[in-house]
Amino acid sequence: MLDRGLDPMYRAALATSHQAYVKVEVLDGLQNVLESDLVFTGGSVTATLTSRISRQCQLTVTEDLYPYLATDLLAPYGNMIRATRGIEFADGSRFAWVVFVGRIQVAALNDGGTCTVDAADFAADVLENRFVRPENSQPSNTVTDETVRLITEGFAQAQFGQMDIFSQPVRTRTWQLDRGQALDEITTSVGAFWYPVADGRFTLRRYPWTVAGTPIVTYSDAETYGSVSGSRASRSRSDVYNSLTVTGERLNGDPAVYALAQDTNPASTTYIDGNFGRRHQMLRLQTPGSIGAAQAAANENLKRLIGLVDAWGWTMSPDAALELGDVAQLDVRERTGIVQVVAGFRMPLDLSGPMTCVGRAQVVDILEGVE
């Protein structure tokens with residue numbers, strides 16, 4: 001939850017009729033304000049933990065704002081969008097948060113006198129700045145330090161917020177051209193995501209549904225003070241695996257290392273010898289240089305693979321303070337205590353519709369051992 005998002009005054013106002021506050025700014029490449037209050041007719045911010053670019057923003061503006069010139073305000077050649085949303089009280093005070101900041105990627109002129117503007121968060125800057133030559137890792141760095149290095153060298157303006165600390169040393173290896181692949185491999189080996197949060201600062205966090213946490217907010221469909229207008233759920237086995245082999249394949253000719261992780265908890269729905277059956281997957285990495293490192297990567301990633309057991313989606317009044325990875329409780333459909341980790345959402349910017357969220361059930365301490 002973003003700072004002050006749990007303030008009782010804000011939570012109380014959000015559950016009743018309130019005045020929304022939205023502001024969209026255009027920034028230059030150094031994040032200086034070029035337009036402090038962009039007029040737009042529609043828009044939204046989408047966010048997901050399972051995408052390299054975790055946040056994207058789309059705006060609809062009138063035809064006259066289409067960038068016919070490369071130097072126009074909304075031209076996709078360096079300028080940025082910053083969107084803020086919250087609620088405003090009668091006295092002018094407000095609770096408001098930056099919900100998106102990122103560079104304009106596309107401006108498209110449409111039929112009907114409108115222009116669509118798409119922007120992506122700063123992960124896009126990192127991904128687009130590929131290595132100009134094969135890049136060697138720095139074995140003196142920890143996983144956290146190496147992640148910070150690769151992001152900063154890809155995007156010089158990068159700032160960092162609160163991060164999980166991983167003290168595992170980076171193994172000696174060489175990456176080819178893909179900076180994103182290097183970052184994905186390093187972070188996957190410790191069961192973590194790298195991404196920018198709402199205000200553009202980068203973070204490194206463990207898969208949030210594998211970390212113990214109590215709900216920090218409750219959303220309800222109750223007739224009185226309930227903010228949820230619809231809910232849905234699904235259970236699927238298509239992306240669920242209870243057995244994983246991690247192989248650390250070394251480009252320098254050293255022997256590959258292997259490790260196996262399986263759900264050996266008889267009380268688990270996905271128990272390897274239980275009714276679920278056996279579903280196995282292989283994960284090839286070049287980061288693990290020892291059996292121990294490969295085993296740690298296997299354990300962490302198996303938690304992710306068996307985490308897609310119970311996924312809920314819900315529609316509610318927009319909550320601009322909600323952040324990816326927050327643990328929420330749903331009291332819906334005459335059921336209470338449904339715990340979900342926020343894995344994605346779509347937040348409108350045009351005040352015309354609700355916010356939609358998707359979650360994943362927590363999976364904590366599900367592995368009792370490794371075979």
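Tutor: The sulfur of Cys357 is 17 Å from the closest cysteine sulfur, which belongs to Cys57, and this is too far for a bond. A disulfide requires two cysteine sulfur atoms within 2.5 Å. Cys357 is buried, with a relative accessible area of 1%; buried stands for under 20% relative accessible area, exposed for over 50%, and partly exposed for what lies in between, with a 1.4 Å probe and protein chains only. The model is a predicted one, in which local features need pLDDT of at least 70 and side-chain atom pairs count only at pLDDT 80 or more, while totals for chains, interfaces and linings use all residues. Residues are numbered from 1 along each chain as its sequence is written, and side-chain values use heavy atoms, without hydrogens and water.

By the disulfide rule, the count comes to zero. Cys115 is in no disulfide, since the nearest cysteine sulfur, that of Cys57, is 13 Å away. Cys115 counts as buried because its relative accessibility is 0%.

The aromatic rings come next. Rings of Phe, Tyr and Trp (its six-membered ring) pair if their centres lie within 6.5 Å; planes under 30 degrees apart are called stacked, over 60 edge-to-face, and the rest tilted. The whole structure holds 13 aromatic pairs. Tyr10 and Trp97 form an edge-to-face pair, at 4.8 Å centre to centre and 70° between the planes. This pair links distant parts of the chain, with Tyr10 in helix 1 (residues 8-14) and Trp97 in strand 6 (residues 94-109), 87 residues apart. Helices (H or I, at least four residues) and strands (E, at least two) are DSSP runs numbered from the N terminus. Tyr10 and Trp97 are both buried. In contrast to that edge-to-face arrangement, Trp194 and Phe202 are stacked, because their ring centres are 6.4 Å apart and their planes meet at 20°. Trp194 and Phe202 are both buried. One aromatic cluster consists of Tyr10, Phe89, Phe95 and Trp97.

Finally, helix 5 (residues 291-305) has 15 residues, which at 1.5 Å a residue should span 21 Å; its end C-alpha atoms are 20 Å apart, in agreement. The expected span is 1.5 Å times one less than the number of residues. The buried residues of helix 5 include Ala294, Ala297, Ala298 and Leu302. Among the elements that cover the buried residues of helix 5 are helix 4 (179-188) and strand 14 (243-248), where contact means heavy atoms within 4.5 Å.
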